[in-house]
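Subject: Handover of a structure and the findings from it

Dear colleague,

Please find below the sequence and the structure that I am handing over to you. My findings follow directly after them, and I would ask you to keep the structure open as you read.

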Amino acid sequence: MAQWRGRPAEEEEFMPRRANPTARQQRLGAELRKMRERAGVAAGAAARAVGLDQGKLSYIEAGRAAVSGDRLRSLAAHYGESDDAFVEALVAMARDRGRGWWDEYKDALGRLSLDIAELEHHATALRALQVVHIPGLLQSKDHVRSLYANTMPELSSEALEAVAEFRVRRRSVLEREKPPELDALLHEAALRIRVGDRRVAAQQLALLLDLSEHPAVTLRVVPFDTDGFTEASFPMLYASGHVERLDTAQFDTIDGCSFVDADEQLGAYRKVLDAVGRVALSPAASRDLIRRVAREL
């Protein structure tokens with residue numbers, strides 16, 4: 001196995017410990033831990049092989065300490081990892097220590113909301129499945145305000161405005177020069193459940209029609225009279241990484257949201273999305289259905 005010799009060429013990781021690592025930072029650490037465990041290497045032996053103490057390696061694997069790209073490559077070589085594309089994708093994650101626009105909202109919103117925006121920002125493609133809600137990336141500001149107007153505990157007017165502004169700003173990922181492609185699958189129920197009054201509902205449907213023409217967006221609806229719509233009652237955002245091993249599925253929960261990255265589970269979720277896609281209407285037929293729902297308001 002390769003051994004680490006001396007200090008890595010790039011700046012070493014002297015950043016302070018993270019009290020609240022992001023989901024992306026935790027994912028990087030978790031992938032290094034899984035890589036080590038697959039190789040059957042004890043944490044202490046791995047740390048000594050690359051010139052670290054075991055405590056520092058534990059912090060890295062928990063996402064609470066940064067790791068340099070050179071150190072990461074040394075760990076991967078010591079573990080016998082042969083997937084070079086995977087390793088380099090992890091190196092890119094380790095080097096990405098910049099702040100995103102979502103950090104402007106860290107005092108107003110919870111960490112999990114910021115993690116979703118960061119997940120979308122780094123995704124190479126996005127797939128959304130919603131049955132009773134409009135996908136977050138496609139919601140109008142008034143729709144968001146109405147959606148959160150009666151939460152418990154009640155949000156202040158300032159907090160409500162921050163939530164609505166943040167939700168709409170997430171859509172900026174689609175306005176980049178090379179945006180991730182968004183494949184949005186939603187059930188007809190999401191079109192007909194009225195969030196807010198008729199004006200808000202009409203505005204939201206008009207926005208869906210407009211966004212359905214966006215070159216990076218494929219919007220497809222599953223109508224009520226479709227057969228075979230099963231095992232898809234849960235909302236999901238599936239974000240593709242730069243390699244498939246770094247894909248992530250995000251789910252809304254009663255406590256906020258959760259992120260899933262286990263290979264077996266991700267494979268099952270891809271099958272669910274594929275199955276729903278097979279019974280959904282075409283983009284053109286979906287637009288026709290949205291127009292019909294709008295006329296019936």
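Is leucine 32 buried or exposed? Leucine 32 is buried, because its relative accessible area is 2%, and the cut-off for a buried residue is under 20%. Please bear in mind throughout that this is a predicted model.

**Overview**

The protein chain has 12 helices and 6 strands. Its C-alpha atoms fill a box of roughly 70 × 40 × 35 Å along the principal axes. Of the 297 residues in the chain, 51% are buried. Among contacts with a separation of 6 or more, 74% are between residues 24 or more positions apart.

**Leucine 32 and the helices around it**

Leucine 32 belongs to helix H1. Setting aside residues up to four places away in sequence, leucine 32 touches Ile60, Glu61, Val67, Leu72 and Tyr79.

How do H1 and H3 meet, and at what angle do their axes cross? In general, two packed helices are described by the angle between their axes and the distance between the axes. For H1 and H3, the axes come within 7 Å and cross at roughly 120°. The two helices are therefore oblique to each other. On the H1 side, the contact is made by Gly29, Ala30, Leu32, Arg33 and Arg36, and on the H3 side by Leu57, Ile60 and Glu61. These residues divide into 4 nonpolar, 1 polar and 3 charged.

Leucine 72 is one of the buried residues of helix H4. H4 spans residues 69-78 and is mostly covered, with 8 of its 10 residues buried. Besides Leu72, the buried residues include Gly69, Asp70, Arg71 and Leu75. The cover over the buried residues of H4 includes helices H1 (23-39), H2 (43-49), H3 (54-61) and H5 (84-95). After H4 comes glycine 80, which has a positive phi, near 75°.

**The sheet**

In which order do the 6 strands of the open sheet lie? The order is S3-S2-S1-S4-S5-S6, and the pairing is mixed. S3 and S6 are the edge strands, each pairing on one side only. On average, neighbouring strands are turned by 15° against each other, direction ignored.

- S2 and S3 are parallel and pair over 6 bridges; here histidine 187 has valine 222 in S3 as its bridge partner.
- S1 and S4 run antiparallel and are joined by 5 bridges; leucine 129 stands opposite methionine 236 in S4.
- S4 (residues 236-240) and S5 (residues 248-253) pair in the antiparallel sense over 3 bridges; tyrosine 238 faces alanine 249 in S5 as its opposite residue.
- S5 and S6 (residues 256-260) are antiparallel as well, with 5 bridges; threonine 253 stands opposite glycine 256 in S6.

Although S3 is an edge strand, 5 of its 6 residues are buried, so S3 is largely enclosed by the rest of the structure. Helix H6 lies across S1, S4, S5 and S6, and runs at about 40° to S6.

In soluble globular proteins, nonpolar side chains tend to be buried together. The largest nonpolar core in this model has 29 residues, of which Leu138, Leu182, Leu191, Leu208, Leu219 and Ile290 touch the most other members. Elements that each supply at least two residues of this core include helices H6, H9, H10 and H12 and strands S1, S2, S3 and S4. Which helix gives the most to this core? H10 does, with 5 residues.

Leucine 182 illustrates how such a member is placed. Leaving aside neighbours within four places in sequence, leucine 182 is in contact with Leu126, Ala128, Leu137, Leu138, Leu174, Ala216, Val217 and Thr218.

With kind regards

Conventions: Residues numbered from 1 in each chain as written. Predicted model: local features only at pLDDT ≥ 70, side-chain atom pairs only at ≥ 80, totals over all residues. Heavy atoms only, no water. Pairing = 2+ DSSP bridges. Helix = DSSP H or I, 4+ residues; strand = E, 2+ residues; numbered from the N terminus. Buried < 20%, exposed > 50% of the residue type's maximum accessible area, 1.4 Å probe, protein only. Contact = heavy atoms within 4.5 Å. Core = buried A, V, L, I, M, F, W, Y, C linked by side-chain atoms within 4.5 Å. Axes fitted to C-alpha atoms, helices over the stretch in contact; angles between N-to-C directions. Parallel < 35°, antiparallel > 145°, perpendicular 65-115°, else oblique. Nonpolar A, V, L, I, M, F, W, Y, C, P; charged D, E, K, R; others polar.
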